[in-house]
Amino acid sequence: MAHNTLTRAVLVAGLAVGAAFSATAADTPKLMMGADAAMLGNTCAGCHGTDGASMGPAAPTIAGLSPDYFVEVMQGFASGEIPSTIMGRIAKGYTEDEIGSMAKYYAGKPFVKAKQSFDPALADTGAKLHDRYCEKCHADGGQSAEDDAGVLAGQWTPYVTWTLADYQAGDREATKKMKKKVEELMEREGSDGMTALLNFYASQQK
Ligand code: HEC
Ligand code: HEC
């Protein structure tokens, strides 16, 4: 766990340095006032990639999410209800209108699935577990953005891993029903089950 936290901090710190250049230019007050969503998005591109398709494992892809989920998660970061390394500070800098227009902008961009390694045998097991425990709300093998539940298929594995750890630690509150399913999964399949699920999400690259 300590190792995981350290890795996360190091990865994210690297991101912040890489993004500093693109962020400063876009952070000028002139842009913040009456800027359109594409211009606001320039600030995000350093970490989340052009049009929200993240190129690196430390930041999630944010294209193709449902606008409702996007708004909810930005509000959660800003209020501190959803734990974050970076997004809490960033989310506080935008008005409701600005977040709303970015949500629509990114929802209209395609979710580009990450190219990352996975274990095919574990991915097969994970597919079955996904159907049993997660498919109901994360439809289409976790590809669907409907039901405002985020996209799991093709999302960067470190991000999904940390997010699931936050739910399990109770740092991020899942809906009652999801909580129940995650607990059932852990009881019956243990952390091997979780690993299999992560491999299934990583295996979806098309
Ligand atoms: C310095 C890097 C960085 C910048 C700049 C950045 N983000 Fe993030 N973003 C992250 C990281 C890392 C996470 C994971 C949560 C955390 O640890 O903060 C994240 C998570 C998110 C999520 C949650 C995705 C999900 O599937 O739940 C959304 C939405 C998001 N960011 C939107 C934005 C928007 C919009 C901007 C620009 C206004 C932005 N981010 C700028 C690094 C960044
Ligand atoms: C009853 C519906 C439901 C079930 C079942 C469910 N989820 Fe969720 N899940 C949600 C909703 C709604 C959200 C979005 C907001 C929240 O509650 O945090 C979500 C969010 C997530 C996120 C965060 C996505 C992101 O982009 O940050 C992950 C990861 C996740 N679920 C994994 C799972 C896994 C793995 C399972 C199966 C073991 C599962 N969920 C089962 C409803 C569900």
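Start with helix α7, residues 120-133. G126, A127, H130 and Y133 are buried there. Buried means 20 or more other C-beta atoms within 10 Å of the residue's own; exposed means 12 or fewer; partly exposed is in between; the C-beta atoms are placed from the backbone. Helices here are DSSP runs of H or I with at least four residues, strands are runs of E with at least two, and both are numbered from the N terminus.

Why do the buried residues of α7 line one face of the helix? Seen down the axis, they fall within an arc of 150°, so they share one face. The arc is taken over the directions from the helix axis to the C-beta atoms.

The face away from the buried side carries the exposed residues A121, K128 and D131. The buried residues pack against α8 (139-142) and α10 (176-203). Contact means C-beta atoms, placed from the backbone, within 7 Å. As for length, α7 has 14 residues and reaches 20 Å from its first C-alpha to its last, close to the 20 Å expected. That expected span is 1.5 Å times one less than the number of residues.

A word on provenance. This is a predicted model: local features need pLDDT of at least 70, side-chain atom pairs count only at pLDDT 80 or more, and totals for chains, interfaces and linings use all residues. Residues are numbered from 1 along each chain as its sequence is written, while chains are lettered from A and ligands numbered from 1 in the order in which they are written.

Now the whole protein. There are 10 helices and 0 strands. Of the 206 residues, 28% are buried. Take the contacts with a separation of 6 or more: residues 24 or more positions apart account for 71% of them.

Next, α6, residues 96-107. Its 12 residues should span 16 Å at 1.5 Å a residue, and the end C-alpha atoms are 16 Å apart, which agrees. Which residues of α6 are buried? M102, A103, Y105 and Y106. Seen down the axis of α6, they fall within an arc of 165°, so they line one face. On the other side, E96, D97 and K104 are exposed. The cover over the buried residues of α6 includes α3 and α4.

Y106 also turns up in the largest nonpolar core. That core has 29 residues, and L65, F70, Y106, V151, L197, L198 and Y201 touch the most other members. A core here is a set of buried Ala, Val, Leu, Ile, Met, Phe, Trp, Tyr and Cys residues joined through C-beta atoms within 7 Å. α4, α6, α7 and α10 each give two or more residues to it. α10 gives the most, with 8 residues.

On to the ligands. A residue is near a ligand if its C-beta atom, placed from the backbone, lies within 6 Å of it. Ligand 1 is surrounded by 26 residues, the closest being C44, C47, S84, T85 and M87. α1 (2-26), α3 (37-48), α4 (67-79) and α5 (87-91) each supply at least two residues of that shell. α3 gives the most, with 6 residues. By class, the shell has 20 nonpolar, 6 polar and no charged residues. For those classes, Ala, Val, Leu, Ile, Met, Phe, Trp, Tyr, Cys and Pro count as nonpolar, Asp, Glu, Lys and Arg as charged, and the others, Gly among them, as polar.

Ligand 2 has 20 residues around it, and C134, C137, G150, K177 and M178 come nearest. Two or more residues of this shell come from each of α9 (157-168) and α10. α10 gives the most, with 6 residues.

Two backbone details. D147 has phi near 65°, a positive value in a residue other than glycine. D147 lies in the loop between α8 and α9, and is partly exposed, with 13 other C-beta atoms within 10 Å. D148 lies in the loop between α8 and α9 too. Its phi is near 50°, again positive in a residue other than glycine.

Last, Y167, in helix α9. Y167 counts as partly exposed, with 15 C-beta neighbours inside 10 Å. Leaving aside neighbours within four places in sequence, Y167 is in contact with R172, A174 and V182.

Technical notes
Contact = placed C-beta atoms within 7 Å.
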